[in-house]
Amino acid sequence: MLETLNQAVRTPEMRKKITFTLIMFLIFRIGTHIPVPGFDKAAIDQLVNQAKLLGFFDIISGGGFRNISIFAMSITPYINASIIMQLMTVVSPRIEAMAKDDRKKMVEWTRYLTVILGFIQAVGMTLGLLRRAVIAQGPFSLIVIAVTFTAGTACLMWIGELITEKGIGNGISLIIFAGIVSKIPHGISTLYEYVQGGPIRILFVFFFLIIALLIIMGIIVVNQGERRVPVQYAKRVVGRKVYGGQSTHIPIKVNSAGVIPVIFAMSIMMLPSTVATFFPKSAVANFISQNLSVNSIGYNILYALLILFFTYFYSSITFNPIDVSDNIRRNGGFIPGLRPGRPTSEYIMRVMSRITLFGAIFLAAIAVLPAIIFGATGMNLYFGGTSLLIVVGVALDTMKQIESNMLMRNYQGFMK
C-alpha cells in the first residue's frame, strides 16, 4: 500500500487527483466549523450528550452537528435519495431503463430528490429536534435556518461529485470517511478519560483495542475474500487458428457490496428520530425514544436486518448471474459439470447467495458490536464497529482505485 501511494504521489496525474481530493477535504472541514446563526451552542452540546444517536450522527458529520454548522445534516439526504432511486429501479420499469440507458438523467433526479429530502429533514430538525436551541423563534428565522441546512447538504453533494469526477475514490463515501477520521482524536481522549477510573477499566480498554485490531483484520479478509467459480472455454478452429481452450474463473466476492449496505442502513435508522422531531410530545416520539435508541435491542435487531437486506439488494444489482451465464455461453464457455444457460445461472446464483449470506452476517455482527460492548463494559464509544467498517472499507476501495489508475496508466504508456 505504501509503495503504491509513493508511486502515485510521484506521478503528476495521480498527484493532481490526490491533491484535489485533499483540497475538497479541507473545504469540508472548514464548512463543519461555519455555524448556522440563531442557535444556542450550550443547548446543542447538552442535546448531543443526552441523545446517543445524535452523538453517532455527530461523528458521521465530522463534528458538524455539534458545531451546528452548515454541514450539520452531512450527506444523509443524498444517501436516502440514492436508496429510494435504486429501490425504484426494481419497482418501475421506466426508471430501470433510465438507470441503464440514461445515467445522467438518473443522477439529475437523485439530485432533485436530495434537495427535497434535505429540506424536509432540515424543517424537522429546526421545528422539532433543535427547536429549544433556536434563539430567534420567528417564522423568517426558522425558514432561513432550514434553507441554510439544505444548502449545506447540496454543497456537500456537489463536493462529493467533484471528488468522484476529478479526484480519487467515491466522493460520497470519502466525505463520510473524512468525517469519521476527524473524530479519532476525540475518541482517543474519551478512552483516556475512561481509563482514569482504575486498573479494571484499563483492562477493558486493552481488551477493546485487541477486539478493534481483530475487527480490522476481519474486515480486510472478508473484503478481499472471493469464491472462484471455474470456467472452461471450448476450442474453436477459425481458418488456421485455434481459439479458446483455456481455463479461467468467475470471482464472486464475499462482500461485493462493500460498505454501501452499512451506510444505507445507518441512514435509514436515522429516519425514526427525524420523524419523532415532528411530534416531540406524541406517543410516536415516546415509542421511538424508548425502543429505537442506539443501544436498545430493537434498534440493533432492525439495524442488522437492514444490513442483511441491503447487502443482498446491492449485490444483486452489481452482479447479475443471468447476464454472467449468457456471456459465458456466447463466448463458448461452460462451468465443468453444468450445461450452459439456466443450470449455469442457477448454480452461480446459489453460490452467490451462500457466500453473500456470510458477508452480510459479518457486516451485521460488526455493526451491532458497539451495543454489545456497551452492555458488557458500559463504555459508550460511538467510534465502534460501524465506523471501523466504513473507514477500512472506504480505504480499501480507494486504494484499489489508485492501483487501477496506476495500472491503466502503465498500460497506456506501454501502448504509446
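I took helices (H or I, at least four residues) and strands (E, at least two) as DSSP runs, numbered from the N terminus. The model is a predicted one, where local features need pLDDT of at least 70 and side-chain atom pairs count only at pLDDT 80 or more, while totals for chains, interfaces and linings use all residues. Residues are numbered from 1 along each chain as its sequence is written, and side-chain values use heavy atoms, with hydrogens and water left out.

**Salt bridges**

I looked up salt bridges, meaning a side-chain nitrogen of Lys or Arg within 4 Å of a carboxyl oxygen of Asp or Glu, and the count came to four. For accessibility I called a residue buried under 20% relative accessible area, exposed over 50% and partly exposed in between, with a 1.4 Å probe and protein chains only.

One of the bridges joins R329 to D326, with the closest N and O atoms 3.3 Å apart; the two residues are three apart in helix α16 (residues 321-330), which means a separation of about one helical turn. R329 counts as partly exposed at 47% relative accessibility, and D326 is also partly exposed, at 22%.

In helix α17 (residues 342-367), R342 and E346 are four residues apart, again about one helical turn, and their salt bridge has its closest N and O atoms 2.8 Å apart. R342 is exposed at 64% relative accessibility, whereas E346 is partly exposed at 38%.

I then noted R111 with E161, whose closest N and O atoms are 2.9 Å apart. This pair links distant parts of the chain, R111 being in helix α7 and E161 in helix α8, 50 residues apart. R111 is partly exposed at 37% relative accessibility, but E161 counts as buried at 19%.

**Helix α7**

**Aromatic pairs**

I counted rings of Phe, Tyr and Trp (its six-membered ring) as paired if their centres lie within 6.5 Å, with planes under 30 degrees apart stacked, over 60 edge-to-face and the rest tilted. The structure holds seven such pairs. F39 and F149 form a tilted one, at 6.0 Å centre to centre and 45 degrees between the planes, and it links F39, in the loop between α2 (12-31) and α3 (41-50), to F149 in helix α8 (residues 139-166), 110 residues apart. F39 is buried at 11% relative accessible area, and F149 is buried at 0%.

F264 and Y314 form an edge-to-face pair, 6.4 Å centre to centre with 85 degrees between the planes. F264 lies in helix α12 (residues 260-269) and Y314 in helix α15 (residues 297-318), so the pair ties together parts 50 residues apart in sequence. Both residues are buried, and ring pairs link F264, F309, F310, F313 and Y314 into a cluster.

**The sheet**

I found three strands in an open sheet, ordered β4-β1-β5 with antiparallel pairing. β4 (247-253) and β5 (333-334) stand at the edges with a single partner strand each, so one side of each is left without a neighbour in the sheet.

How values were computed: Two strands pair if DSSP finds at least two bridges between them.
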